[in-house]
Amino acid sequence: MNKQNVFTRRRFIRSSFGVAATHKLQCAAESLGLQKQTEVCKLSAQQEIGPYYIPGELLRSDIVEGRAGIPLSLRISLLDSRSCKPVPDAAVDLWHCDAVGVYSGFSKQIFMGPPGPNGGPPEPPGPRFGQDSPDDGGPEPMGPPPDHAPTDKLTFLRGIQLTGAGGAVSFRTVFPGFYMGRTNHIHFKVRVGGHGSGKSYEAGHTSYVGQIFFPEEVTAELMQRDPYRRHKIHRTTQGEDRVFGEQQGELSIAQLRPLNPGQPAAGLVAELVACFDPTSAPGAGFGPGFASLR
């Protein structure tokens, strides 16, 4: 068996331990009256919204719409940093690219780069997308994301869920792929005080914007499997990703485990706890992605 395709139970146990431990610490902190002081409830890192957010998506938990990829069950738990308690009735907008780096709503854009010689597969991106620099041999950071306008009405891998009394939402999706200049990630934003409008959720105050990452070693192995390995461009690692490196991406890595140990293709479970102040707004200084908040 190819070593790079082997998923060990131990590795998944290591990556999935943190969520349970965090919840235990939260309960202990609350019982001791340390809600506002405890390190457990310190503010989570936030990341830029990026150029591919579209408002008014569907209220739904299953966002797959038939896209190929390893099934992923994603749970996001929200905590109020002021009280260390769950945040109910909050809207979580979630969106990400498919296995070959395409976002719905922007599917007519070229995410893979221009065709290679003689119409072949796209060549790996140049230095500004994280490849080795010819000058010093190290990775060169990518510039800020450009502005983009939607090109279609597709809705795959996009949805909104409302938190219940426990402050959590769950989405059924697929493990995200990658595209030029970005490592594998999932976007989400949190809104409070809005209202349901037909099949969507409107308005509301945006309190948090983040991106979800995954353990790098596990992600690299997953990308050797179909359909991800068909994406013939250089994969930007977390070490090469500007957002991950400059916006504390290491603090936004989800806990990950397989539904069946040793069989990742059967499905994965990911969990992330986001702690924020619902009355605040995403901070400035995270680059032009925050300017596109709506």
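Reader: Hi! Which residues does the disulfide join here?
Author: Hello! In this predicted model, a disulfide links Cys 41 to Cys 84, with an S to S distance of 1.7 Å. A search through the whole structure turns up one disulfide.

Reader: Which parts of the chain does that pair tie together?
Author: Cys 41 is in the loop between helix H1 (9-31) and S1, while Cys 84 is in the loop between S1 and strand S2 (85-86), so the link ties together parts 43 residues apart in sequence.

Reader: Is the link right-handed or left-handed?
Author: The link of Cys 41 and Cys 84 is right-handed, with 40 degrees about the S-S bond.

Reader: And are those two cysteines buried or exposed?
Author: Cys 41 is buried, and Cys 84 is buried too.

Reader: OK, new topic. What does S1 pair with?
Author: One partner is S5: seven bridges join strand S1 (residues 71-80) to S5, and the two run antiparallel. As an example, Ser 73 has Arg 172 in S5 as its bridge partner.

Reader: Is S5 mostly enclosed or open?
Author: Strand S5 (residues 168-174) is largely enclosed by the rest of the structure, because five of its seven residues are buried.

Reader: What does Arg 75 contact, leaving aside its neighbours in sequence?
Author: Beyond neighbours within four places, Arg 75 is in contact with Ala 168, Val 169, Ser 170, Ala 270, Glu 271 and Leu 272. The C-alpha atoms of Arg 75 and Glu 271 are separated by 4.8 Å, though these residues are 196 apart along the chain.

Reader: Now the inside! How many residues are in the largest nonpolar core?
Author: That core has 35 residues, and the ones with the most contacts inside it are Ile 76, Leu 78, Phe 175, Phe 188, Ile 212 and Phe 214. Several elements supply at least two residues each, including S1, S5, strand S6 (186-192) and helix H2 (216-222). The largest share, five residues, comes from S11.

Reader: What does Ile 212 touch?
Author: Not counting residues up to four places away in sequence, the residues Ile 212 touches include Leu 74, Ile 76, Phe 188, Ala 254 and Leu 272.

Reader: How many bridges join S6 to S9?
Author: Seven bridges join S6 to S9. Lys 189 has Val 209 in S9 as its bridge partner.

Reader: Last one: what does the side chain of His 231 reach?
Author: The side chain of His 231 reaches the backbone oxygen of Val 100 at 3.2 Å. His 231 is in the loop between H2 and helix H3 (242-246), and its relative accessible area is 4%, so His 231 is buried.

Note on methods:
Residues are numbered from 1 along each chain as its sequence is written. This is a predicted model: local features need pLDDT of at least 70, side-chain atom pairs count only at pLDDT 80 or more; totals for chains, interfaces and linings use all residues. Side-chain values use heavy atoms; hydrogens and water are left out. Buried means under 20% relative accessible area, exposed over 50%, partly exposed in between (1.4 Å probe, protein chains only). Helices (H or I, at least four residues) and strands (E, at least two) are DSSP runs, numbered from the N terminus. Two strands pair if DSSP finds at least two bridges between them. A disulfide is a pair of cysteine sulfur atoms within 2.5 Å. A nonpolar core is a set of buried Ala, Val, Leu, Ile, Met, Phe, Trp, Tyr and Cys residues joined through side-chain atoms within 4.5 Å. Contact means heavy atoms within 4.5 Å. A polar contact is a pair of N or O atoms within 3.5 Å; within protein, one must be able to donate a hydrogen and the other to accept it, and residues adjacent in sequence count only if both atoms are side-chain atoms.
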